[in-house]
Amino acid sequence: MDEVRLLARSFQASIDAMRASEERLRMALAAGRMGNWEWDVRTGRVGWSPDLEAIHGLEAGTFPGTFEAYERDVHPEDREGVRRAISRSFEGGGDHHIEYRIVRPDGAVRWVEGRGKVFRDPSGAPLRLVGVCTDVTERKQAEDQLRQAEERMRSVVDHVVDGIISIDEQGIIQSFNPAAERIFGYAATEAIGRNVRMLMPEAYSREHDAYIANYVRTGEAKIIGIGREVEGRRKDGSTFPLELAVSVFHIGARRYFTGVVRDITERKRAEEALRAASRAKDEFLATLSHELRNPLAALTAAAHVLKITDATKEPAIKARAVIERQTRHMARLIGDLLDIGRVSAGKVGLERERLDLAATVGRMLNTWRGSDRFGRHRLTHSLDEVWVDADPARVEQIAANLLDNALKFTPAGGTIRVTVGPEGGEAVLRVADQGVGVEPAEQGRIFELFEQGREDGSGMGVGLALVKRLVEPHGGTVTIESEGEGRGATFTVRLAAVARPEQAQGGEAAVLGARSVLLVEDNDDARQMLEAALVSGGHRVRTASDGASGLALAAESAPEVALIDIGLPDMEGYEVARRMRAAPGGRGIALVAITGFGRPEDQQRAFAAGFDAHLTKPVTAERLKQALASLA
């Protein structure tokens, strides 16, 4: 009897232990959001635990118990994958394992992980598929967020302009982004797995390992977290300046380094160009000071000579010549400076007309012959008729600047040759000198602003820059040829040639005879000097110092030409021109504006007021003669 009771108690203890084990398993499944299932292949019945029903969003005991009911809960996009996984398990492909989505009755989508084992009969045919399902939605969401973050980071790394390279403690390259490929010329597959020293010139590669070893040993960050300029080496062996910033990171116990590199070649070039421009500017300002002080000193001395000497004596005559020459020189300097500023800013328009380039250059040469501009230089020329569509004033300015440059750099006694003619559909102007020449290295920048291109530093480096900026708007080119120092230079301007107008007459226009001229100018010195220049040219001149007097004289004398200053004391010259035009006989008067303002808008305003020509002060006798001749 006692044995029966002992056996009963033992059996009860086993049952209690089993129930406790089942309860622990149930609690473990519930804690891990896990449910168990069993599929009887022979009967087709599927059994789910209450925990699995809860995962699927079902009340306990409501699962229909069929494979079809289970499959309806599987997300439509994942059903085929579930079927294939089950088939592989039945066919002997190992334990069942798959992750897929389910759709709950309320429409919520959850991720589950299924793990199971196939039990078979002695013949190997499957009997049951038994396993568990775990809700892994939070893990899948975290993985998805991590993947998106990695993709965003990869996108950033792949599209930044800076190279990003990571290495381990031994200097072995672990990653190499597309920007690094562009900078160094290596494909990522060529760089990853090799030592980063391959990207450094020898001097830097020797230091690299020592830097890393010192940091690993002491933690002293000599290059970590510090931007610095170093040199890189490309695949082709060329070196270049780069900016490098290094940081450190850990993955587990392993330490890695990331280098962010930027090719600063263009920045270095720009910095050097800026330094060169600054040097050129300083040289230019020093030269400008010198160029202006010289004529001012000469003018001061000449004015003193005129003050103490009889005007008919030789010293006074020489002083007047000095004043004329130095005034012209200063006007040229200031004019070039103003013109280069306006042309560079695109504020100078072109007043194009069809003209004979040879005749235009010839007139300029004849004007210069009448002065002492050539000094002891010898001029030869060959001028063949060729027509262009250009601004005559700018063409003369181009030729004059080239000729002035040749005179400046050709020693006394040297020859300057000017040629004009057609070449292959182009009109070509050449000015060749026997001067100091230009070294090949300097020829590429001889037309840059403030570049003298000569060792003696003479000139301001403005004239040739202005030539280039005047030629190009005409659609032309200007080039230099020189065999080097002491071998002279030839400057060539090419413009598109056009057909000769039918009405054009060969040769220069005849010089006009004396004209009756009205001069309206409030500055006494300027009025007297212009009057003297006009009278010496054979013209009949009457003068007025204000607008009202000028209008009265115009009505009284009916001049052929009226030279009118714009800045008059009682009214602007524009108003004088308008009233003079409106008066009887005013249409027959050629009106010339004389002003210190030479901008395109100033010229346009003058023409709108009725002026026929626009002269910018100071007005030389040669320029006045040309203006009167052009007003035929």
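Visitor: Is the crossing in which helix 16 passes helix 17 left-handed or right-handed?

Guide: In this predicted model, helix 16 passes helix 17 in a right-handed crossing.

Visitor: Why are helix 16 and helix 17 called roughly parallel?

Guide: Their axes cross at roughly 20°. Angles under 35 degrees count as roughly parallel, so helix 16 (residues 547-557) and helix 17 (residues 573-582) get that label.

Visitor: Which residues of helix 16 and helix 17 meet?

Guide: From helix 16 they are G547, G550, L551 and A554, and from helix 17 they are V576, R579 and M580. Four of these contact residues are nonpolar, two are polar and one is charged.

Visitor: What makes a set of residues a nonpolar core?

Guide: Its members are buried nonpolar residues joined through side-chain atoms within 4.5 Å. The largest such core here has 40 residues. Of these, L357, V361, L402, L403 and L429 touch the most other members.

Visitor: Which element supplies the largest share of this core?

Guide: Helix 12 does, with eight residues. Other elements that each supply at least two residues include helix 11 (357-369), strand 15 (426-433) and strand 17 (489-498).

Visitor: What is L402 in contact with, leaving aside its neighbours within four places in sequence?

Guide: L402 is in contact with L429, V431, L464, V467, F491 and V493. A second, separate core of 24 residues includes A188, V196, M200 and F257.

Conventions
Residues numbered from 1 in each chain as written. Predicted model: local features only at pLDDT ≥ 70, side-chain atom pairs only at ≥ 80, totals over all residues. Heavy atoms only, no water. Axes fitted to C-alpha atoms, helices over the stretch in contact; angles between N-to-C directions. Helix = DSSP H or I, 4+ residues; strand = E, 2+ residues; numbered from the N terminus. Parallel < 35°, antiparallel > 145°, perpendicular 65-115°, else oblique. Left-handed = near helix turned anticlockwise from the far one by under 90°. Contact = heavy atoms within 4.5 Å. Nonpolar A, V, L, I, M, F, W, Y, C, P; charged D, E, K, R; others polar. Buried < 20%, exposed > 50% of the residue type's maximum accessible area, 1.4 Å probe, protein only.
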